[in-house]
Amino acid sequence: MEVVWKRQWGLLVWFSVMIQFFLLSHCHLKYPTRFFLVEMNNGIVKITVSRPYGNLRGIKYHGVENLLDDGLDRDDRGYWDCSWEDVNGSNGKQSMILGDRFQVIMQTSNQVEVSFKTTWKSSDPLPALNVDKRYVMLSGSSGFYTYAIYERLKGWPGMFLWETRIVFKLSQKWFQYMAISDTRQRIMPTIADRERGQSLAYPEAVLLKNPMNSELEGEVDDKYQYSSESKNDRVHGWISLNSGIGFWIITPSYEFLPLNVTFENGEPWKKVFGPVFIHLNSVSDKTKATSLWGDAKQQTWKEIISWPYSFPHSPDFLKSDQRGSVIGQLSVQDQYLKVGNGPARFAHVGLAAPGDARSWEYQTKGYQFWTRTDEHGNFFIKAVLPGAYNLHAWVSGVMGNYMYEATVTVTPGSVTKLPPLVFKPPRDGPTLWEIGIPNRHAAEFYVPNVTKNINTLYLEQDKFRQYGLWERYAELYPENDLVFTVGTSDYAKDWFFAHVLRRLPDGKFKATTWQIVFDLPKVDKAGTYKLRLVLAAAHMAEVQVRVNRRDAIRPDFTTGLTGRDNAIARHGIHGVQRSFTAALPGSLFVNGRNTIFLHQPRNQEAFQGVMYDYIRLEGPPQSTH
């Protein structure tokens, strides 16, 4: 699930909250029949929700009557929606999730919880889903919670469900400053600024011209420059510099993320998304409004510590005593490594539905539970829903994915202790040379500075987020493609972070061929060499491998057409990792100087290409090279 905002209008919250805690006494709920509205009010925050749709029409806080954009249609200010497609392959659709039945789930002086249910009918041109949207307000809380239960019944038609979102369209009058992390914060352009700007390669990217804030003149505004990995996006939001108010979305757990699933005809399914906390905060000294970010982070940790919450009243959201935990220790054992064996330090370890070693990356119908190991390789995965899982892991600096072959069964209240786990990474022979670090991204490679269409936020950090870097390759290599010489070249300076196409003067694109040049003193002609090719991202691309024969009609290996990550266009530094192994006969090599050619032939549009994560050439087993 992703949280979005209109164009670039988002969320944030704190400071006078500590005083307001003591002023609050009760939660109140009103739903006058003739107005078709529901009001939830705890004395700090009041939200107004349409009935029975369940869309947010207003959020009142700290003297501001409505933090949402009241210039929009009343049901277009705050809502849940989803992106989906039916199995017939029709065009993708974006559907707002509108309730058809309202119910008060709980109403006390300490808590109010309401439900807005959507019931699917076969005659509906809508996704085949029942959805139960919930809003929860607690006494003493500067904000409110929302979550939803999605369900498909047996016998329903198949569909693709790409994503579901909670959308808040904040008032431009109040909110100007967006904060995503400690270092990614800035004043943002207005919608009018974008409308006056110059459109670039795709609709989301605009070159600002004559913006209201003159400091933004000549900058690029592109929503993809502000994307984040779900595991890092526990809190983000917006600050009102003229009222000292923050509006934040806090996601205390990502066990329900992501989505992007396919349902077969007749396949039943149920999943709870959330709860997430919409946190509001304020500061009396408006000159210190940006300090609200610090409070939002503190509130985030409070929410994380409280997970799983005890207050949701849906039986589908399981509490702490209904969950279990898993503990263990992971180590790495690579017979050809002299350094790096031993405890899997700070590895990512997680539980996902049974599958193969990579299934956690694309099988997302169920829940996943992840943690990090300590410096000794120990891990503790808590608050796991009952069920059967495979345990997966990956270690930065170590190639490959680990999967514990035995099924891990979790029961309510249980602590499952696993035997010592040993990760033996893919390996058939000694390393002859390697390029990059196996860390699932391409950030260690050369990312150039931009010469135009700049976003000043990324001049000193995350330079890969700058717009138009795909054009810089041809500027840096105007005639000949990249050549990397093992032992001489430095991948941090000489390996462009993305293998992209070259734009020609007529607007068409030319395929590119990179070279890796290296020496082999003595080739084992009867042996087999292994080229490990690990991609950090790929979009409608192919990598063909040729050894010492650039113009050979048939490649010695090809990945085939792979990937739809679109990380190049969307300023990412990785997508879904893909690993390939090319078995190369020793007869292809020669004693002395050799060259491996990496050719990316797919050249229909600008953003076809790959990002490499790691490349390694292994000699035959027991080789002395």
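Tutor: Happy to! Two strands pair if DSSP finds at least two bridges between them. Keep in mind that this is a predicted model. Here, strand β2 (residues 28–30) and strand β3 (residues 37–41) run antiparallel and are joined by three bridges.

Student: Which residue in β3 is the bridge partner of K30?

Tutor: That is E39. On its other pairing, β3 runs antiparallel to strand β4 (residues 45–50), with five bridges joining them. There, V38 has V49 in β4 as its bridge partner.

Student: How should I picture side chains along a strand?

Tutor: In a regular strand they alternate between the two faces of the sheet.

Student: How many residues lie between the strands in the hairpin of β3 and β4?

Tutor: Three, and in that hairpin G43 takes a positive phi near 90°.

Student: Now the whole chain, please. What does its secondary structure come to?

Tutor: Five helices and 42 strands. The radius of gyration is 27 Å, close to the 25 Å that the globule rule gives for 625 residues, so the chain is as compact as a globular protein of that length. Its C-alpha trace spans about 85 × 60 × 50 Å along the principal axes.

Student: What share of the residues is buried?

Tutor: Taking buried as under 20% relative accessible area, 57% of the 625 residues qualify. Among contacts with a separation of 6 or more, 70% come from residues 24 or more positions apart.

Student: And what about charge?

Tutor: The chain has 70 positive and 63 negative side chains, and the centres of these two sets lie 2 Å apart.

Terms used: Residues numbered from 1 in each chain as written. Predicted model: local features only at pLDDT ≥ 70, side-chain atom pairs only at ≥ 80, totals over all residues. Heavy atoms only, no water. Helix = DSSP H or I, 4+ residues; strand = E, 2+ residues; numbered from the N terminus. Rg over C-alpha atoms; globule rule 2.2 N^0.38 Å. Buried < 20%, exposed > 50% of the residue type's maximum accessible area, 1.4 Å probe, protein only. Contact = heavy atoms within 4.5 Å. Lys, Arg positive; Asp, Glu negative; His and termini not counted. Charge placed at Lys NZ, Arg CZ, Asp CG, Glu CD.
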